[in-house]
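User: I am new to this structure and would like to learn how to read its helix packing. Please show me the model first.

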Amino acid sequence: MKDFAQALFRSVVPTILLVLLTGGVVLDVLITEGLEEDFDELMIAKALGLIALAEDGDDGVEMENYEVTLPNYALAENAEYFQLVNDSGKALINSASLSYWEDSGHPFPGLNERDNQALLSVTLPDGRPGRLLRKRFVPRLDYDEDGAFGFPLEMDAQFLDFPGEPGIIRIQQLVEPDNKPITIERQPLTLQLAVGRASLDSLLYKVHSVLLLTGLSIMLVIVLLARRSINKAVKPLRVMAVELHDIDEQRFNERLRTDSNVNELHDLAQSVNVLLGRVDAAFERERRFSGDVAHELRTPLAELRTLLDVTERWPDDPAIKQTFSTDVRDVTDRMQRIVETLLQLSRSEQGFDLLINCQDLTELVRHCAGKLEQAAQDKRITLQVHMTDTAIGCIGLDQWQSICGNLMENAVEYATEGSQVDIELKPATDGLIQFSVTNQTSNLTESDLDNMFERLWQKDTSRTSSLHSGLGLALVRSCAKQIGGEVKATLSQDKLTILVVAPALA
């Protein structure tokens, strides 16, 4: 199983490194293209300078004094080279630097295409890697009075901007003084300029090296810092895991530290503490519940044991024989009620009970009240049922039956003799139902209201009642929660009111 820090490191750092590597490669490509473009632009500028020196004059095409003005084309080592070639491939002028090499007539690749401008990577005559620029143009025209036409004539050089120009360019020219038109034929030439790229390659090597070393250094720093930062960020989680590991069923009262300055960890610690509080409360409730169940069942079991002991000691006593069966049945009925109520409460709390719709809750309330009329008459208690004649639909027939039955039975059982029990059912706003039971009481306090819905809670701590086990109100609260409602108790002038608010049937 992966460590969280390792998983976070492997998911984040490679992505960062990939982005950095991609950015470095793109930057390297852009810088390389930019330097090569600048190098080519410099070659074009040099070519334009040579073209400005070339002229077509009385003695043909020539380039005067370039050795003086441009000494790089006359060196033997680390020189630059040029050729003037016509469209048939014949070299008309070679730079002086080409004379140092035997194969100076055709030192460069042949003219396969008649492009007006082309840039190629080549090997120079001296073996160095270089760059070749081909630029096609019509040389400058310069005839004096003794020239071929018998009159002076000058024309600037003409650059050919588009491919496919004809091999011979004819130009109509009006010549003074007789204004006779003449046709001048001018032969395009191709300048082949070759320059060593050692300086460019050296600069590119430096750029590549700097980018590579810088990128590797940055990657290394990112890896180290990311590992350190992730370990530092995950450390509180490790501490929290250790603290949680040390908490067992005897130490649910302990809490995690919430002093982290990271909001998510602080919220996580608080949420875990809330959960621990709930678990602690649940364990405490279960401990109390187990003790209460043992205490509750111990009493009827003791009664059964006593009945058996008495019967065994006086087996022929007619009075004991006469009441033995009845007493045993009463005790077993009490135990059965406790067990059945506990099972019903368990099913309700776990949500195992089905929610069956009830079309008329008023009929259910009348039925439950009718079952208690005799018990109420025995205690001279008046049952007052307040509700409309209109049918009220509800969700959870079985749940409402437990709610109504337990609340009414408790009210009649614990109401002051000769008092009145008020039962009210009415539809409220927003699609809710309000059901309340109010009875007179003399021994409850405000502090009891918080405990009376706990399982097996009884005001009488001696548990002398044989009819109630303290599970009814806990079952009411669980059933109300199951149908999406809530229950609360209020005490006013010795009158206890328990109100249940739950959704009506849509």
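Analyst: What follows goes through some helix pairs and the residues between them. This is a predicted model, in which local features need pLDDT of at least 70 and side-chain atom pairs count only at pLDDT 80 or more, while totals for chains, interfaces and linings use all residues. Residues are numbered from 1 along each chain as its sequence is written, and side-chain values use heavy atoms, with hydrogens and water left out.

User: At what angle do helix α8 and helix α9 pack, and how far apart are their axes?

Analyst: Two packed helices are described by the angle between their axes and the distance between the axes. Axes are lines fitted to C-alpha atoms, for helices over the stretch in contact, and angles run from 0 to 180 degrees between N-to-C directions. Helices are DSSP runs (H or I, at least four residues), numbered from the N terminus. Here α8 (residues 397-414) and α9 (residues 472-482) pack at about 150°, with axes 9 Å apart. The two are therefore roughly antiparallel (a term for angles over 145 degrees).

User: Which residues of α8 and α9 meet?

Analyst: Contact means heavy atoms within 4.5 Å. From α8 come Q399, S402, I403, N406, L407 and N410; from α9 come G472, L473, L475, V476, C479, A480 and Q482. Seven of these residues are nonpolar, six polar and none charged (Ala, Val, Leu, Ile, Met, Phe, Trp, Tyr, Cys and Pro count as nonpolar, Asp, Glu, Lys and Arg as charged, and the others, Gly among them, as polar).

User: Is N406 buried or exposed?

Analyst: Buried means under 20% relative accessible area, and exposed over 50%, with a 1.4 Å probe and protein chains only. N406 has 17%, so N406 is buried. Leaving aside neighbours within four places in sequence, N406 is in contact with G472, L475 and V476.

User: Which residues of helix α6 are buried?

Analyst: In α6 (residues 361-371) they are L361, T362, L364, V365, C368 and A369. They cover an arc of only 160° around the axis, which puts them on the same side of α6; the arc is that of the directions from the helix axis to the C-beta atoms.

User: How do α6 and α8 cross?

Analyst: Their axes come within 10 Å and cross at roughly 35°. L361, L364, V365, C368 and A369 of α6 make the contact with L397, W400, Q401, C404, G405 and M408 of α8. By class, that contact has nine nonpolar, two polar and no charged residues.

Note on methods. Parallel < 35°, antiparallel > 145°, perpendicular 65-115°, else oblique.
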